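These are my notebook entries on a structure I looked up.

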Amino acid sequence: MAHGVRSLFPVLEQHIHGTALAYLDNAATTQVPLPVLAAMRCFEEEDRANIHRGVHTLSQRATDAFERARTDLKRFVGAGPGHELVFTSGTTEALNLVANGLSAVQAGGAFLQPGDQIIVSGLEHHANLVPWQQAARRSGATLTVLLPDAQGHLHTKDLARLLTPRTRVFAVTACANATGETPPYEDLLALAAQAGALTVLDAAQAVGHAVPNLSALSCDYMAFSGHKMYGPMGTGALVGRAAALERLAPLRYGGDMVEWVSYSDAGFAALPSRLEGGTPNVAGAVAMAAAAAFIDQLGRNTIDAHVQALRAHAVAGLTAIDGVTVLAPEASASAIVSFVARDVHPHDIGTLLDEQGVAVRTGHHCAQPLLDHLKLGPTTRASFALYNTHHEVERLIAAVARALEVLR
């Protein structure tokens, strides 16, 4: 697959330190193909105007393109008639919208109350932990962490022990960005929903492959980002059950989210506008929809099989290097390989890999509590996309082996 599509990604043609780029930092940001760039450029060159507010032709065309993108993205993640999609700047804003919206005081009072319980998994990116810390402080609720075992796995039996009649929210990731672990999120969400909790899924690391089917999940809110699925940075969405979205207080107040305004009060518009205050990134929304179409054109199953094969190749090769420990080696549905090397700091490995043209990520990956819990500290992380090749995996393995020879 990779060789046939690489020409659609101009950034991959460059050389770093005189060596062809092997871009293996896709869990942080994927690259953007020409069809997505073309969709964005076409909007900016032909239809750029503010939406929902103008009667002139460009405004109406821009509005149609924005709403068409919403419809296409809802279809992409399997949203049904009872779901709605709110555009955001990314997964982080989407999760903050939920946490703030459930803890903010509204006319009927805040959804979260003193003595309520919020449960988050111990695998989470900071974006699905810190907002819930703040929501708990603001509301007086208790924050409980569903800790993984020593291997980094989550278990439904552990969640069952934590659930109480006061559990109001359960939040979990579809794939741990720091380790590549793919928890049984379908079963975890179903268990929490049966207990009466609102359920939140961080799908940032799944939306580019292994895309969740929202209609098949016991999920009230799902967040994802455009830049993890071959779309532009600064784009994302919160999609979920309309009834659950109705519970949220807006995060941004102002233009386009109001129905009427007086000097002393305001009435808010219906969903999704109520949660989309301000001028949105219309070109970004159009490009996100184009990215979804690009994924579907290539075939989700084909992409999934490709990145999983690359990961299996990398796991086997890295594990064979003396002193290297791969995290979550059996996580076959993941595109992430995170590893530690005995007596060598990941930043040193990453620097030497960059000198060989191999781009990886090093550090805590915005998941410091998880890596501290696993007693690992920072790691080196390689992550794969549809344009990566097995030759690049071989380059990664060889570059790590050479780096360790230099550093030890």
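This is a predicted model: local features need pLDDT of at least 70, side-chain atom pairs count only at pLDDT 80 or more; totals for chains, interfaces and linings use all residues.

**Entry 1, pockets.** I began with the largest pocket, which is lined by 26 residues, with A27, H125, N177, Q205 and K228 lying nearest its centre. For the search I note that a pocket is an open set of points on a 1 Å grid over the protein atoms alone, where a 1.4 Å probe fits and protein lies on both sides within 12 Å along at least five of seven lines; lining residues have an atom within 4 Å of a point. I read its volume as about 360 Å³, a volume being the space filled by probe spheres set on the points. I found that α4 (91–103) and β16 (361–363) each supply at least two residues of this lining; helices (H or I, at least four residues) and strands (E, at least two) are DSSP runs, numbered from the N terminus. I sorted the lining of the largest pocket into 8 nonpolar, 13 polar and 5 charged residues, with Asp, Glu, Lys and Arg as charged, Ala, Val, Leu, Ile, Met, Phe, Trp, Tyr, Cys and Pro as nonpolar, and the others, Gly among them, as polar.

The second largest pocket has a volume of about 220 Å³. I noted 16 lining residues for it, of which A150, Q151, L327, A328 and L376 lie nearest its centre. The classes there are 9 nonpolar, 5 polar and 2 charged.

Residues are numbered from 1 along each chain as its sequence is written, and side-chain values use heavy atoms, without hydrogens and water.

I found 6 of the 6 residues of β4 (83–88) buried, so the strand is largely enclosed by the rest of the structure; buried means under 20% relative accessible area, exposed over 50%, partly exposed in between (1.4 Å probe, protein chains only). H83, L85 and F87 cover one side, and E84, V86 and T88 the other. β4 pairs with β10 (236–241) in the antiparallel sense over 6 bridges, where DSSP must find at least two bridges for a pair. I noted R241 as the bridge partner of H83 in β10.

I located N128 in the loop between β5 (117–121) and α5 (130–139) and read its relative accessible area as 0%, hence buried. M1 lies in the segment before α1 (2–5) and is partly exposed at 34% relative accessibility.
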